[in-house]
Amino acid sequence: MLSIIGNAIIIAGVIIIFIGIIGIHKYKNFYTRILLAAKIDTVGAITILIGIVIKNGFSFFSLKTLLLLIIIVILEPLTSHIIARTAYLSGYKIEEQNLSDEKDT
Amino acid sequence: MSNIGIVEIFAVIVFFISFYGLITSKNIIKSIASIGIMEIAVIMFFLGIGFFDGMKPPIGPNLENVADPLPQALVITTIIIGITVCAVNLSMLITLCRQLKAADWDIVEKKSSE
Amino acid sequence: MIQIFLIFWLISSLLIIIDKQLIHLIIHLGIFSMVSAVCFFMLAAPDVAMAEAVVSVFTTIVFIVCFEKYYSLVDILVVPDKKAKFFRHLVPIGFTILLIALFFMFIPDVPASTYLKEMYISMFQQDIGGENAVTAIYLGYRVYDTLFEALMLLVSIAAIIHLSWHEKKLDIVDRTESGIGNYNIASATIRVIVPLIVMFSFYLIVNGHISAGGGFQGGALIAVLFICRYIIYHIHDMNIDRIIILEKLVFVLIAIVAIYFIFLGAGSWLSLPQGVYLMVMNLLVGIKIACGFLVMFYRFMVYERR
Amino acid sequence: MLYLFSLVPVVLAILLYIIPYIRVIRVMALLAQLAVTGSAIYVFFLSKSGDIITKIGGYESVLGITLKSDTLSSVFIALTSFLFLIVVLYGFNEDSGRFYWFFMFIWQGLLNGLFLSRDVFNMFVLIEVATIIVSVLMMYKRDNRSMYDGMVYLMINTVAIQFYLFGIGYIYKLTGVLDIDVAMRIMSQMEPSTFYLPYALIMTAISLKCALVPLSGWLPKAHGTASAPTAVSALLSGLHIKCAVYLFIRFQIFFEVIDLSVFFMVIGIITGFVGFIMALAQSDIKLILAYHTVSQIGIIMLALNIPDAYSRTGGVYHIINHAMFKSALFLCAGIISEVYGTRDIYKIKGVLKRLPLVGAATIMAILGITGAPLFNGSISKYFIVSGAGGFVSVMIFLINLGTIISFIKYSTMLFGKSEDCGRVKIDGFRQVAVMILGIICFTGGIFGEQFIHFLFNIDVGVDAAGYFEKIFLFAASVIAGYVIFRYYVRNSLLLKKISGFHLSFRGMCASIGFFFAMVLIMIRFFA
């Protein structure tokens with residue numbers, strides 16, 4: 001029973017990642033892309049890891065995976081944030097890009 | 001051909017891909033990167049020696065059907081050697097860039113012989 | 001399963017070679033290192049995978065610094081030739097394919113010998129101790145190699161220092177405007193993550209003889225810790241000269257310990273519990289590698305970037 | 001206890017780095033070198049009666065790493081220690097900075113380790129560390145030219161060493177061990193055709209390290225770098241290239257089932273010719289000497305592949321002789337170019353008057369390298385020719401003639417009138433070092449038979465009549481060489497054209513691939 005639920009959650013994570021990748025290729029705007037990449041990193045990875053924990057049940061391995069999960073939750077948003085901030089500070093403006101790209105896609 | 005593993009085939013191909021990079025790249029940085037790829041291809045070959053699907057790492061009290069530990073120990077040494085060679089090469093390149101203002105094989109060669 | 005990752009590996013290596021934009025090299029190299037680490041893990045070599053993953057951090061940093069210098073110093077950048085004729089690439093491609101074909105023609109069709117593997121697997125626990133065969137070989141049977149490998153790091157650091165020796169003393173640089181600086185979100189998060197990194201790296205070093213990991217991986221992670229500190233606060237208040245001297249002294253210590261316990265065959269002189277030698281050695285190697293990578297990082301990040 | 005040979009110099013180097021007093025460093029370095037040389041000679045005497053084996057850790061020989069000192073490796077270790085002793089003498093009063101001796105002594109430890117090691121992977125590690133050290137020493141003064149040369153050296157050698165690593169991967173896969181002796185025993189029971197691929201991979205790498213012809217593009221760049229410290233150039237040409245030749249001898253014994261000696265003989269002859277022709281075209285004294293190293297390596301390679309015990313012994317003896325006269329020439333050239341402030345051979349005049357002792361040492365070394373009677377080069381060349389067939393001996397004679405022409409050009413700088421006459425006072429230690437090497441060139445010729453007997457336990461007799469004939473041959477070739485030099489070489493347009501010829505880095509990489517393919521095809525057809 002546990003393994004079926006775990007597998008279902010893992011598949012959901014894979015679907016999230018897949019949708020995210022389609023999004024990255026669909027939108028040309030840099031900031032939109034960062035948003036989608038962050039979704040893949042955080043939501044997709046977290047879902048898959050939770051699936052693995054459920055599938056394995058209560059063990060030492062699951063504990064380590066949970067630790068990994070905590071690190072991902074802390075670090076992944078930070079990296080996406082820093083990328084976006086650096087891009088903004090180095091003169092990558094949102095408004096100009098926005099208009100021209102929206103028309104294209 | 002039954003004894004040639006899939007890892008070996010891929011390692012050889014990547015080895016010669018990086019060789020292609022070495023004989024065509026005009027830029028020194030790319031040559032250095034190609035040497036790094038070459039090293040990792042050889043490492044992959046080492047790890048593939050005697051490997052079959054379903055082998056476990058050679059760690060733990062229960063040592064049955066495990067991978068060969070010796071290539072792994074050798075390969076750790078090779079990795080350190082690779083990074084140090086890469087770092088020394090790049091620091092040489094930076095100094096060369098400072099002095100010659102160029103990082104292209106042809107231009108560097110011309111400028112350094114003046 | 002491994003086939004899929006090997007194909008990814010091949011493609012990422014092709015990307016490095018083929019891509020004409022030089023700056024993409026960093027990203028492609030990162031992908032290549034990651035995929036190869038995953039492949040190493042698939043090949044039942046967690047120690048090697050960990051080492052490769054840690055090392056790729058340093059490779060990336062070194063390449064970034066190099067590119068920064070390249071784009072700021074070099075006048076004549078190599079312009080990617082848009083109209084490069086296909087014909088010009090035909091000769092090297094043909095040559096490479098010829099070499100691959102020759103290589104495959106001569107590959108011996110003989111199964112791999114397992115002579116030494118079985119000996120190691122059956123003997124390492126009583127000879128050296130511990131449960132990790134890789135560490136037992138790395139620090140026990142082949143410690144003579146490991147000594148020279150440590151020497152390699154020492155020598156290359158001396159080489160880097162010698163090649164980039166501009167000024168002896170360097171005033172503390174503060175570049176808040178260009179980097180992350182005293183940026184609150186980042187520094188607060190790093191403060192949360194640092195204890196985890198410390199814990200993990202010591203776990204790796206101390207448990208090196210029982211589980212995957214060891215002195216090299218743990219030591220490099222400790223160096224990563226100091227790198228995080230530098231990136232956040234942009235201070236370098238460490239005395240690099242002292243670190244260099246410490247590295248050399250630790251190398252001498254490693255040599256002495258190795259000679260005493262392994263070369264002289266004196267493991268039985270002191271009736272140590274099993275694994276103590278490996279633990280001591282892992283700790284020393286960890287300190288050595290941490291010092292080495294730290295010096296390398298500071299050299300590139302602080303001295304070379306000016 | 002053989003591992004002390006590699007570890008003592010390394011620990012000494014680290015101590016020297018930490019100690020800040022320059023006088024202490026000098027005295028310590030000299031004393032330590034004397035000790036190492038003494039123990040090397042002691043080990044040499046011990047291993048004459050039987051091989052010394054050290055199993056590190058006392059494990060069974062395949063499990064751990066085995067060090068073994070047989071006649072060949074003990075000779076090489078004695079040579080290494082002696083040359084380093086000379087170099088320490090040479091640089092005794094020099095203020096060369098903190099890193100210099102640090103790198104030098106680590107280099108010595110690595111070379112000693114390489115000559116003792118019996119483990120193929122251990123050899124790889126040692127070679128790789130030595131490569132980095134050499135490239136750093138080469139660019140010790142950090143000017144543009146030497147930076148570029150050192151970088152090419154490091155990168156091309158790293159590429160070659162990957163081929164070597166691939167080869168030992170195959171050896172491990174096929175035999176299951178890394179120890180040379182055990183692997184040889186296992187190999188003898190297997191079919192030779194399985195070892196074609198590792199043979200080609202390893203031989204490609206070693207041929208690059210030996211600078212055989214399609215792969216010799218890096219050598220003149222590396223050995224002739226203008227601003228490299230003199231002692232480094234001398235050791236590179238005298239000693240470091242020999243460790244590649246040593247590896248060649250080892251692996252030739254290792255792959256005894258695969259016989260490709262004809263191929264390597266042809267390559268050796270071509271190498272010899274290309275070396276002296278390129279040397280004739282140069283005017284920089286360091287570059288001339290560097291190209292002559294290529295030429296002499298060709299002769300050594302030729303000798304090692306002749307299927308005759310006399311010739312091979314002569315080849316090994318020629319390695320030692322070449323170490324002596326080439327390092328003497330490089331050290332003298334360093335002093336001369338320092339005094340005159342130029343390296344152009346046509347601008348230096350009257351060395352004998354200004355620097356009499358250095359000039360005398362140069363003359364002795366020149367007589368050695370050209371194979372003059374009573375000097376060491378003649379003895380080794382005599383033995384090489386004695387076992388070779390007609391065609392090969394003619395080729396050796398022609399290469400020797402080319403060497404003579406080139407050194408007639410080289411010796412023009414000894415005579416003539418210098419603009420500012422008068423003796424120049426130079427450091428006494430340097431003169432002593434140079435003179436020791438020069439005198440050894442002479443004694444190595446007079447007591448040649450005894451030396452060979454002493455070193456290799458082989459009884460050889462020099463036939464007096466045959467040797468006498470060689471004296472006439474030498475005199476005739478000197479006259480012919482002078483005539484050719486006077487009327488052709490001086491104003492030859494062709495030589496001027498080829499003087500600037502060199503391979504780029506990409507070309508060198510491509511030639512590695514080419515050589516690899518060539519070896520594979522040759523094995524298919526001839527072995």
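A residue is called buried if 20 or more other C-beta atoms lie within 10 Å of its own, exposed if 12 or fewer, and partly exposed in between, with C-beta atoms placed from the backbone. This is a predicted model, in which local features need pLDDT of at least 70 and side-chain atom pairs count only at pLDDT 80 or more, while totals for chains, interfaces and linings use all residues. Residues are numbered from 1 along each chain as its sequence is written, and chains are lettered from A and ligands numbered from 1 in the order in which they are written.

**View 1. Chain A, a chain of four helices and zero strands.** Helices (H or I, at least four residues) and strands (E, at least two) are DSSP runs, numbered from the N terminus. Starting at the N terminus, the elements of chain A read α-α-α-α. Of the 105 residues here, 6% count as buried. The mean pLDDT (the predictor's confidence in each residue, from 0 to 100) of chain A is 83, and 89% of its residues reach 70 or more. Where is confidence lowest in chain A, and where is it highest? It is lowest in helix H4 (residues 94-104) of chain A, at a mean of 53, and highest in helix H1 (residues 2-26) of chain A, at 90.

**View 2. Chain A and two chains that it does not touch.** Two residues are in contact if their C-beta atoms, placed from the backbone, lie within 7 Å. Chain A does not touch chain B, and their nearest C-alpha atoms are 15 Å apart. Chain A does not touch chain D either, with 34 Å between their nearest C-alpha atoms.

**View 3. Chain C and its two assigned domains.** Chain C has 11 helices and zero strands, and 43% of its 306 residues count as buried. Domain bounds come from an automatic or database domain assignment, which gives domain 1 (1-108) and domain 2 (131-306) in chain C. Where these domains meet, 13 residues come from domain 1 of chain C and 16 residues from domain 2 of chain C. On the domain 1 side there are 10 nonpolar, no polar and three charged residues. For these classes, Ala, Val, Leu, Ile, Met, Phe, Trp, Tyr, Cys and Pro count as nonpolar, Asp, Glu, Lys and Arg as charged, and the others, Gly among them, as polar.

**View 4. Chains B and C, the pair with the most contacts among the four pairs of chains that touch.** Here 73 residues of chain C are in contact with 70 residues of chain B. Which helix gives the most to the side of chain C that touches chain B? That is H3(C), with 13 residues. By class, this side of chain C has 51 nonpolar, 11 polar and 11 charged residues.

**View 5. Where chain C meets chain D.** The contact takes 37 residues from chain C and 40 residues from chain D. H7(C) provides the largest share of the chain C side, 12 residues. The chain C side divides into 27 nonpolar, five polar and five charged residues.

**View 6. Helix H13 (residues 309-340) of chain D.** The expected span of a helix is 1.5 Å times one less than its number of residues. For the 32 residues of H13(D) this gives 46 Å, and its end C-alpha atoms are 46 Å apart, which agrees. H13(D) is mostly covered, with 27 of its 32 residues buried.
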